Amino acid sequence: MSDRPEMFEGVEEIWLDGEFVDFEDAQVHLLTHALHYGTGVFEGVRCYDTDNGPAIFRWEEHLERLFDSAKVYDIDIPFSREELTEATVELIDREGLASCYIRPIAFYGYGPLGLNPSESPVQVGLAAWPWGAYLGEDALENGVDVAISSWRKYSSSQIPTNAKTTGTYVNSVLASLEATGNGYTEAIVLNKEGNVAEGPGENLFLVRDGEIFTTGLAESILDGITRQSVITIAEETGYTVHDDATISRGELYTADELFFTGTAAEVTPIRSVDDNQIGQGTKGPVTDEIQTAFFDLIETGDREEWFRYV
Ligand code: PPE
């Protein structure tokens with residue numbers, strides 16, 4: 001208990017393969033296929049304490065993406081969407097959490113080694129814990145300093161970028177290690193063509209002359225659910241959103257504003273790229289408006305179809 005990471009302190013149970021088990025008992029075998037070959041798919045979801053009570057934000061869309069990711073690797077999830085929903089709701093309830101981060105994962109478990117996973121059983125887990133501001137408390141207000149990674153994002157002709165696969169996150173880990181090692185908070189990763197893809201765990205938005213741009217799905221990005229939500233919110237706020245943009249490295253430097261979106265990162269302003277100040281070097285006005293609209297929506301739970309109440 002004492003050597004647990006701080007973020008997991010107080011977590012009592014994890015749901016694993018159909019059962020609630022004690023936190024310490026949520027274990028897998030050393031010869032788990034996914035440990036060796038990265039053959040797992042996962043999600044990151046947030047539950048928010050809205051005015052109408054705790055609610056999971058865009059649960060259906062996350063579940064959809066989990067099953068889509070699984071399909072790519074022939075991972076046959078042995079639970080229905082309803083069963084996973086019930087288990088998640090019950091887990092949040094048992095843990096007594098009002099707002100939390102939820103991590104569903106499905107992976108090839110312990111079976112014969114060798115690349116073909118078809119003889120390995122599919123295991124499924126759900127964990128939930130409180131997770132505050134992903135890039136630090138100050139980040140949401142004042143923005144983060146980021147650096148372009150020297151690592152490129154793999155292209156969708158090499159590994160599907162629309163699937164959220166455990167193994168592919170080594171690319172993000174490398175970018176993140178490099179950026180933080182050099183004193184930056186986060187990285188921006190370019191794609192094979194040298195244009196902007198995304199952050200290691202975030203999508204990227206750019207503001208120029210009052211219009212909003214975000215990299216298109218063909219730029220080797222994960223189709224972020226926060227990205228989709230922010231596009232909708234921005235359009236409804238009255239902005240023109242170009243959601244199919246190709247953004248060059250130079251355009252980042254001269255942007256009026258930049259921000260990240262993601263389940264963990266929410267809406268995080270970027271205040272510098274490679275030590276070039278963006279805008280006034282703090283949260284810009286458009287970013288502020290979108291971020292405020294995003295958090296207002298989450299507080300009020302106003303758009304019913306985006307919330308699954310616990
Ligand atoms: N791109 C990547 C590569 C990515 O990992 C995420 C989520 C996004 C974009 C945004 O997607 P969405 O959450 O659907 O808006 N990154 C997850 C993992 C973060 C982590 O450190 O773990 C997340 O935000 O949950």
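The following legends describe close-up views of a predicted model.

Local features are described where pLDDT is at least 70 and side-chain atom pairs where pLDDT is 80 or more, whereas totals for chains, interfaces and linings use all residues. Residues are numbered from 1 along each chain as its sequence is written, and side-chain values use heavy atoms, with hydrogens and water left out.

**View 1. A salt bridge joins Arg46 and Glu266.** A salt bridge is defined as a side-chain nitrogen of Lys or Arg within 4 Å of a carboxyl oxygen of Asp or Glu. In the pair Arg46 and Glu266, the closest N and O atoms are 3.7 Å apart. The pair links distant parts of the chain, with Arg46 in strand E4 (residues 45–50) and Glu266 in strand E15 (residues 266–273), 220 residues apart. Helices (H or I, at least four residues) and strands (E, at least two) are DSSP runs, numbered from the N terminus. Residues are called buried under 20% relative accessible area, exposed over 50%, and partly exposed in between, for a 1.4 Å probe and protein chains only. Arg46 counts as buried because its relative accessibility is 6%. Glu266 likewise has 6% relative accessibility and counts as buried.

**View 2. Arg58 and Glu61 form a salt bridge.** Their closest N and O atoms lie 3.0 Å apart. Arg58 is buried, at 8% relative accessibility, whereas Glu61, at 23%, is partly exposed. A search of the whole structure finds 17 salt bridges. Glu13, Glu90 and Arg94 are also linked, in a network of salt bridges.

View 3. Arg208 is partly exposed, with a relative accessible area of 30%. Glu251 is partly exposed as well, at 26%.

**View 4. Strand E11 pairs with strands E14 and E12.** Two strands are said to pair if DSSP finds at least two bridges between them. E11 runs antiparallel to strand E14 (residues 257–262), and 5 bridges join them. Within this pairing, Leu206 has Leu258 of E14 as its bridge partner. E11 is also antiparallel to strand E12 (residues 211–215), to which 4 bridges join it. Here the bridge partner of Arg208 is Glu211 in E12. E11 and E12 form a hairpin with 2 residues between them, and Asp209 in the turn has a positive phi of about 50°. Of the 6 residues of E11, 5 are buried, and the strand is mostly covered.

View 5. Asp49 is found in strand E4 and is partly exposed, at 48% relative accessible area.
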